[in-house]
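The sequence and the structure are shown first.

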Amino acid sequence: MSDTTLKNGVNALVEQIDSRVASFFNSCVHCGMCADACLFYTETGDPKYTPIHKLEPMRRVWKRNFTFWGKLAAMVGLSKPITDEELKEWEPLVYDSCTLCARCPMVGPVGNDIAYMISKERAGMVAAGHAPPGLKGATVRAVEIGSPMGATWKTVQAQIRHTEEDTGLKIPVDQQGADYMAIMSGMETVNFPEYLGSLARIFKQAGVSWTLCSDAVEATNSGIQIGSPDIAAELVQRIVDGAEKLGVKYVISPECGHAYMAIRWSGPNLIGRPYKFKVIHILELLDQLREEGRLRTEGMEDERVTFHDPCQLVRRGGVLEQPRRLLKMVASNYVDMPDPGVWNWCCGGGGGVSANERADALRIKVFSRKKAQLDAVGGVDKLVTSCSNCRIVMEDAVDAYNLNFKIFGMAETIAAHLPSDTKTAESGESSS
Amino acid sequence: MKKQTTLGDQLRQRGISRRTFLKLCAITTSAMALPPTMIPRVARALEKAPRPSVIYLSFQECTGCLESLTRSHAPTLENLIFNSISLDYQDTLQAASGTAAEAARETAMKQFYGKYLLIVDGSIPTKDNGVYSTSAGRTNVDTLKEVAAGAAAVVAVGTCASFGGIPYANPNPTGAVPVSDLIKDKPIINVSGCPPIPVVITGVLAHYLTFGEIPALDRLGRPAAFYGESIHDRCYRRPFYDQGKFAKSFDDDGARNGWCLFELGCKGPTTHNACATTKWNGGVSFPIESGHPCLGCSEPNFWDGGGFYRALSQTTAPVGMWAGAAAVAGAAGGAAMGAAGRRKRAAAKREHHVVTAEELKKKGKEGQS
């Protein structure tokens, strides 16, 4: 059994070693600077968490298969092939202690994208059967039920009903030819229903033509997290089919970091063709509406507010200034933590770590980095972010550390300040 | 011999207020890359420090280094400290000449034996028994060895004293060598540059007075605080380099727009010095800011680097037939390796194993059991 799975794993690694990975391994100067960029290293001090070390199995496969000296050493028996035990040993390093936050590529002197390489290494690990049980379960649910959190269309329908009652607005579903199609992360469907209501109210005020799609609501891509390109492509394809069937111009990525990365950047490569629509992050859309004067707010909060930049938005997505411009519309006491924007530290639970119960204790431990960032500004009353996964991970840690502030999503923060006349719009009216 | 007054006394006599003095200490502390908490310590040490005895020997040099130090924009800490040390021998500056001058040197050496600082400016000729540069009838080699024997430390000022400089350049007719080739048993601080930045030498002196030891040095014996980073890394034109915007000649649009001077031979990437941050003439400018490439004057062998206006990426020696053949062989080898790699990947693609939910479920259970 393990012979075939090991062969599958090594084969997948060979397949994943593209010219970028090869040149990254080649150009690594072993400076070790990536260690200090990684919160798993800084918070534990354990050198095994040095990012490049997490790539050791893949590096050995590269050396043995793609380099002159590696091939020669293999030929005369000086190097041993990778074993199943070694892959097993590396599994926690590859899945539990890397959130694919991509902070390490920012510091390396030769620009090696270690996060990109880890996601490729995961392809080999999962093909060899070495992925965490929690992440496997989430991926199975994503493929079979349609959501890693187990939320079905029925769950969404119930949420739509509640939201329509709360807001008095009709949530448009399967509207052919709408401009925007919204998708949601499973986390929003299950834990943060306020997101949907906030969208409805903001879009009503701004006059945005939008819709949900009953075939494609789930934005989270567990395939990307576990590292299987096949499953990742299948999940992206569902959204692409839904959006192209409805003929929308844009798909709105929700407040979720990896969902954004998956649908916007990885998606076309995974399915092998360009989309017939564009992908826009909800923060980009809100900021665009603000700029066009279609998003109006009233009232300022004087609480001390800060913003947690989700890794995939700043380091992979360039959504940097939008949240700050939006927050300054409604908060008079906005403060940036040290290392804001592209240098922000991860919440500790991205890249599938939060779906992996085995990593819970480590994830809580490394939150001390975020705590230090918050301590440096003397604490805040309110933390806003635009990733429901960051949010749930931080809410968890706030309990564990006995911290005293509340966490909110961006859309609901803005929606809370919509002028009152649009808050109580008459029910039954379609917003499209 | 002068009485042992402290530096604090000297400054007060010269009408320097304590506020000004503390300000100067802060500047020096930050120039030395020390934490701000060190400012009071630097101030205390400088104020209490007896004026150190300094013997300044000039060998094969052009006096440019001394000009740089003494004619730096005034009144600055460089000037103050430099005027406030007990400069007991400097053959260019001192009024005494002949045997009187040599007697001053001998007296200072006797009085402060083991404690005085020796500053050396210029390289030392060794060929033909050192006859190419002599003073008071003695060769530079002899004078250096004698004075260095009683010194606490030697500061080699300028590239000639540090690395040999221009006299050392090919074909080196006088057999010139840097101080470090002759003196092996004393700490040597190389303050290289042609000439060096004035604040660097005063920084070294201030550090020595404050901590009683020489500052951290880089692998070439230069104070790491000043020579730790390359000109290129701190250059304000660096963004143009990163964008690939280069001036191709001194009068093209690129030059007028202030683009990177790399292709005009700038040695900034391989030169370690503080010019790009400290600048010259009181922070007015530095060569690159004036539109000229860095010559690399603070690096060893800068004169033999194959032309100031030749880009670093060009070779200094003619590329022969062998190099061409090696390049062709290398390219062919690389292409063969690349093709082999591609074949391997293609084979792996053919054997691609699709990970399914079924499989994950099965193994998920295994993993949990």
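Predicted model: local features only at pLDDT ≥ 70, side-chain atom pairs only at ≥ 80, totals over all residues.

The lining of the largest pocket comprises eleven nonpolar, eight polar and four charged residues. The space in the largest pocket amounts to about 640 Å³. Its lining has 23 residues, and those closest to the centre are A:Tyr116, A:Ser119, A:Lys120, A:Ile224 and A:Ser266. Four helices of chain A each contribute at least two lining residues to the largest pocket: helix H9 (114–127), helix H14 (222–226), helix H15 (229–246) and helix H16 (257–271).

The second largest pocket holds about 540 Å³ of space. Its lining consists of 35 residues, with A:Met149, A:Met187, A:Ser354, A:Ala355 and A:Asn389 nearest the centre. Two or more of the lining residues come from each of helix H10 (133–144), helix H12 (186–190), H14, H16, helix H18 (311–314) and helix H22 (388–400) of chain A. H22(A) provides the largest share of this lining, five residues. By class, the lining of the second largest pocket has 15 nonpolar, 16 polar and four charged residues.

The structure also contains six cavities of 30 Å³ or more.

| Space | Volume |
|---|---|
| Largest pocket | about 640 Å³ |
| Second largest pocket | about 540 Å³ |
| Largest cavity | about 120 Å³ |
| Second largest cavity | about 100 Å³ |

Around the largest cavity there are 17 lining residues, and A:Cys38, A:Lys54, A:Cys98, A:Cys101 and A:Cys104 lie nearest its centre. Helix H4 (39–44) and H9 of chain A each give at least two residues to the lining of the largest cavity, and H9(A) has the largest share with three residues. H9 of chain A also supplies at least two residues of the lining of the largest pocket. The lining of the largest cavity divides into 13 nonpolar, two polar and two charged residues.

The second largest cavity has a volume of about 100 Å³. It is lined by 13 residues, of which B:His232, B:Cys235, B:Cys260, B:Cys266 and B:Ile288 are the closest to its centre. Helix H13 (231–234) and helix H14 (238–242) of chain B are the elements that give two or more residues to this lining. Nine nonpolar, two polar and two charged residues make up the lining of the second largest cavity.

The contact between the two chains remains to be described. In the interface, 22 residues of chain B are in contact with 27 residues of chain A. Together the chains bury about 2100 Å², of which 61% is on carbon and sulfur atoms. Two salt bridges are found across the interface of chain B and chain A. A salt bridge joins the side chains of A:Lys7 and B:Glu351, with a distance of 3.8 Å from N to O. On the side of chain B that touches chain A, the elements giving two or more residues are helix H17 (321–350) and helix H18 (357–368) of chain B. H18(B) gives the most, nine residues. By class, this side of chain B has seven nonpolar, seven polar and eight charged residues.

Technical notes:
Residues numbered from 1 in each chain as written. Chains lettered and ligands numbered in written order. Heavy atoms only, no water. Contact = heavy atoms within 4.5 Å. Buried area = accessible area lost by both parts, 1.4 Å probe. Salt bridge = Lys/Arg side-chain N within 4 Å of Asp/Glu carboxyl O. Nonpolar A, V, L, I, M, F, W, Y, C, P; charged D, E, K, R; others polar. 1 Å grid on protein atoms, 1.4 Å probe; cavity = no way out; pocket = protein on both sides within 12 Å on 5 of 7 lines; lining within 4 Å. Points joined across faces, edges and corners; volume = space filled by probe spheres on them.
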